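Me: Please take me through this model. I would like to begin with accessibility and then move on to contacts.

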Amino acid sequence: MPVRNINPTLSVDCVIFGFSTNQLKVLLIERTYTDPSGIQIKDHKLPGDFISIDEDLDLAASRTLEELTGLRDIFLSQFAVFGKPDRISRQEDIEWLLETTGLDIHRVVTTAYFSLINIGDTNTEFAIKNSASWMDVKHIPKLAFDHAGIIETGLKHLQNCLRNEPVGFEMLPAKFTIRDLQTLYEVILDCDLDNRNFRKKILKSSYVVQLNEKQAGVAHKPAYYYSFDRDRYEEQKYDSLGFNF
């Protein structure tokens, strides 16, 4: 993005969560900067960007996601604003901003979004082009700015959302087993759940629909696949408000 088109005091950062191999992962971008001795150093940062002068915040976040994953119209929610004066205090962060924008920037307020996607849907070519990689949230490397804190806040927000809304389906394939869904909940909430109680609660919901298809080629008794009926969920959520006319 040309420097003349950006607002250097406002940015968006995206915490993009995905689920794979029983791990909750976050998408990070490799960053390269030069230390005072002239040696190039690599670390990581969240996907983010300055907003354009005439760009809406939500559109800036959507643009950032599309540029990095190749995905459009995916789950995206604003969860916090980070604006402490010392967000940009480390010399390497100041120098990296100067090197990438040509501007001497010392104060940026960022609006943070979190996104939930199925890792299998992402375009690996986009990830390679942008030096992006998925990393386990429990093993995050050194990050730029205050991005470690943003991820921590985003994870807490995700956990709260998961307890109140069926957002976890965004990270699963179109068809899944109850065991798949329970594992997702256990990993994100970082706890063990009782199998029988979890299954009973899930099957009581009208929007988790059993398919006429079972697992194939598994060593154990094959389980039925299920799908998430978004339209049915929205209808149920609407009805729960009492607007049944």
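**Salt bridges, cores and a pocket**

Reply: Glu 213 has a relative accessibility of 32%, so this residue counts as partly exposed. The scale sets buried at under 20% relative accessible area, exposed at over 50% and partly exposed in between, with a 1.4 Å probe and protein chains only.

Me: What sort of model is it, and how are residues numbered?

Reply: It is a predicted model, in which local features need pLDDT of at least 70 and side-chain atom pairs count only at pLDDT 80 or more, while totals for chains, interfaces and linings use all residues. Residues are numbered from 1 along each chain as its sequence is written, and side-chain values use heavy atoms, with hydrogens and water left out.

Me: Which residue forms a salt bridge with Glu 213?

Reply: The partner is Lys 175, with the closest N and O atoms 2.5 Å apart; a salt bridge here is a side-chain nitrogen of Lys or Arg within 4 Å of a carboxyl oxygen of Asp or Glu. Distant parts of the chain are linked by this pair, as Glu 213 sits in strand E8 (residues 208-214) and Lys 175 in the loop between H4 and H5, 38 residues apart. Helices (H or I, at least four residues) and strands (E, at least two) are DSSP runs, numbered from the N terminus.

Me: Where does Lys 175 fall on the accessibility scale?

Reply: Lys 175 is partly exposed, because its relative accessibility is 36%.

Me: Within that, what do Asp 93 and Arg 31 do?

Reply: Their side chains meet in a salt bridge, at 2.9 Å from N to O. Asp 93 belongs to helix H2 (residues 91-101) and Arg 31 to strand E2, so the pair ties together parts that are 62 residues apart in sequence. Both residues are buried.

Me: And which residue does Glu 92 meet?

Reply: Glu 92 meets Lys 142 in a salt bridge of 3.6 Å, N to O. This pair, too, links distant parts of the chain: Glu 92 is in helix H2, and Lys 142 is in the loop between strand E7 (132-136) and H4, 50 residues apart. Glu 92 counts as buried at 18% relative accessibility, whereas Lys 142, with a relative accessible area of 46%, is partly exposed.

Me: Changing topic: which residues touch the most other members of the largest nonpolar core?

Reply: Val 15, Phe 17 and Leu 181 do, out of 39 residues in that core. H5 provides the largest share, 6 residues. A second, separate core has 14 residues, including Val 12, Leu 27, Ile 29 and Ala 61. A nonpolar core means a set of buried Ala, Val, Leu, Ile, Met, Phe, Trp, Tyr and Cys residues joined through side-chain atoms within 4.5 Å.

Me: What lines the second largest pocket?

Reply: There are 16 lining residues, with Leu 162, Tyr 185, Phe 198, Lys 201 and Ile 202 nearest the centre. A pocket is an open set of points on a 1 Å grid over the protein atoms alone, where a 1.4 Å probe fits, with protein on both sides within 12 Å along at least five of seven lines; lining residues have an atom within 4 Å of a point. H4, H5 and H6 each supply at least two of the lining residues, and H6 gives the most, with 4.

Me: How many disulfides does the structure hold?

Reply: The structure holds 0 disulfides, a disulfide being a pair of cysteine sulfur atoms within 2.5 Å. For Cys 161, the nearest cysteine sulfur is that of Cys 14, 15 Å away. Cys 161 is buried, at 12% relative accessibility.

Me: Finally, how many helices and strands are there?

Reply: The protein chain has 7 helices and 9 strands. Of its 245 residues, 42% count as buried, and its C-alpha atoms fill a box of roughly 60 × 50 × 30 Å along the principal axes.
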